[in-house]
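Let's take a walk through this protein together.

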Amino acid sequence: ASTTADPSEAQALLEIGPALARALEGAPQEQVVAPAPGGTSARLAFIVPLAGSGAAPAGAMAGWTELSTNPIFQPIVERLEAVEEGEAYLTDGAGRILVHPDAARILQTPSLPSETGTASTVTASDGTRQLVLVQPAEGYSWQVVISIPQRTVNALAVQLATRLVAVLVAVGAVMMIVLYATSRRLTRPLREMAVAAESIARGNLALPIRVRSEDEIGRLAMSFEGMRRSLQARLSEMDLLLASSQRLASSFDLGGILPPILEGVGRLLRADHVRVVLLGSEADLSAKAESYFAGKDRGNWASLDGQVVELARQRGRFLLENPGRARAVLNLAQVTEPLQGLVALPLRDEQTFIGVMWLGYRRSQALPPDTSSLLTILAAQIGVAVSNARLFHRAEQERMRLGAVLEATPDAVLATDRRGR
């Protein structure tokens, strides 16, 4: 029996006739019904048998709903309609269209690929290539179908490829910049070392090599810089020895030649004060000593001359890294400025002790072996120069004495050698 006079609902009752008959036999039914006039989707009818007093149902109750307006299906319909390029629709287990943007295609059975879950390329009725994806609904026989024209997919692929190429180009450009900057950072020290090596080959040792890192290249640069400093120090020492030899050979005036040499020693070895103390001809402390120095004596370090001479006479060459703590060795009562380092070398004429050359430092100082060798050579040169100067002055005094004798006597004076000639 029916309680409606709506022709569309009457038509629906006619469509569900077979399902209604099966429901009256006691089996609930679900039936797809054609859309109502003006409807945009198929309708879904539900038929449930009514229990009677006996085993047979007393009747059946049927109800139907339009999928496009049903609140449960409304979000699904909105998502299907949101597809701009191509079309998206819903089919039942028989392949009939239940929901479609084009109401004229409701309940049509399109040709779909047999594979589900993956996109397939098919040819539509109008001859265009379509990319179709059939995705079954989980736990139900319905399917969601999405069909997009192949040209749209190709256009999207071109856009993605263009963006990918742009990203690759940008990444490549960034990598090239990073690679260039890294190579510059790695090769800059090598170029600097090459320039420094060429400069060293030309004899210019004033160009320093900067150490920019602590890796292998940094250690190589540090080694080059150490080599440059060592060569520069050796050349400076050789220049000092050459200049000293020239000065000592050019004159017998110790007051004119020793201070410049001592200034060079102080500048090369970074000493704050350099002194040379020479004993008298008697070679003992009671004789009047001569002293020559370079650098300002702000701490009255000259008061240590006698003690340093005695220590050099007894010990030879010696080094005190902290004389302030060596009170048993030096008496610093008259020193007004701290003396943190002292190096002394004896001056000898062959085996005769004639004086000492000593260097004073306001900071503790440790001399390398090469520097000690330089000071030893200088001390030997100064010792020889002092001996020659004294011989010259003694000979000059004898010559002047002989001249005075010759001028004072009226008698003839003959000078002969040991053979009487």
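Is Asn300 buried, partly exposed or exposed? With a relative accessibility of 33%, Asn300 counts as partly exposed, because that value falls between the 20% and 50% cut-offs. You'll find Asn300 in the loop between strand S10 (290–294) and helix H7 (305–315). Its backbone is worth a look too: Asn300 has a positive phi of about 55°, although it is not a glycine. Most residues other than glycine have a negative phi. Glu350 also has a positive phi, near 60°, and again this is a residue other than glycine. Glu350 sits in the loop between strand S12 (341–349) and strand S13 (352–361). With a relative accessible area of 71%, Glu350 is exposed.

Now zoom out. Keep in mind that this is a predicted model. The mean pLDDT of the protein is 82, and 92% of its residues reach 70 or more. Among the elements, helix H1 (residues 7–15) has the lowest mean pLDDT, at 63, while strand S9 (residues 273–278) has the highest, at 91.

As for the overall build, the secondary structure comes to eight helices and 13 strands. The radius of gyration is 58 Å, well over the 22 Å that the globule rule gives for 421 residues, so the protein is more spread out than a compact globule. Along its principal axes, the C-alpha trace spans about 185 × 55 × 30 Å. Pro75 itself is partly exposed, with a relative accessible area of 46%.

How much of the protein is tucked away? Buried residues make up 31% of the 421 residues. The protein exposes about 25800 Å², and carbon and sulfur atoms supply 57% of that area. Turning to contacts, take those between residues at least 6 apart in sequence: 49% of them join residues at least 24 apart.

Next, the aromatic rings. How many aromatic pairs does the structure hold? There are three. One of them is Tyr140 with Trp142, an edge-to-face pair with 5.1 Å centre to centre and 85° between the planes. Tyr140 counts as partly exposed at 40% relative accessibility, whereas Trp142 is buried, with a relative accessible area of 8%. Together with Phe73, Tyr140 and Trp142 form one aromatic cluster.

Phe252 and Phe392 make a stacked pair, because their ring centres are 4.5 Å apart and their planes meet at 10°. This pair links distant parts of the chain: Phe252 is in the loop between helix H5 (216–250) and helix H6 (254–269), Phe392 is in helix H8 (residues 369–408), and the two are 140 residues apart. Phe252 is partly exposed, at 37% relative accessibility, and Phe392 is partly exposed as well, with a relative accessible area of 35%.

Conventions: Residues numbered from 1 in each chain as written. Predicted model: local features only at pLDDT ≥ 70, side-chain atom pairs only at ≥ 80, totals over all residues. Heavy atoms only, no water. Phe/Tyr/Trp six-rings, centres within 6.5 Å; stacked < 30°, edge-to-face > 60°. Buried < 20%, exposed > 50% of the residue type's maximum accessible area, 1.4 Å probe, protein only. Helix = DSSP H or I, 4+ residues; strand = E, 2+ residues; numbered from the N terminus. Rg over C-alpha atoms; globule rule 2.2 N^0.38 Å. Contact = heavy atoms within 4.5 Å. Areas by Shrake-Rupley, 256 points an atom, 1.4 Å probe, with all protein chains shown as cover. pLDDT = per-residue confidence, 0-100.
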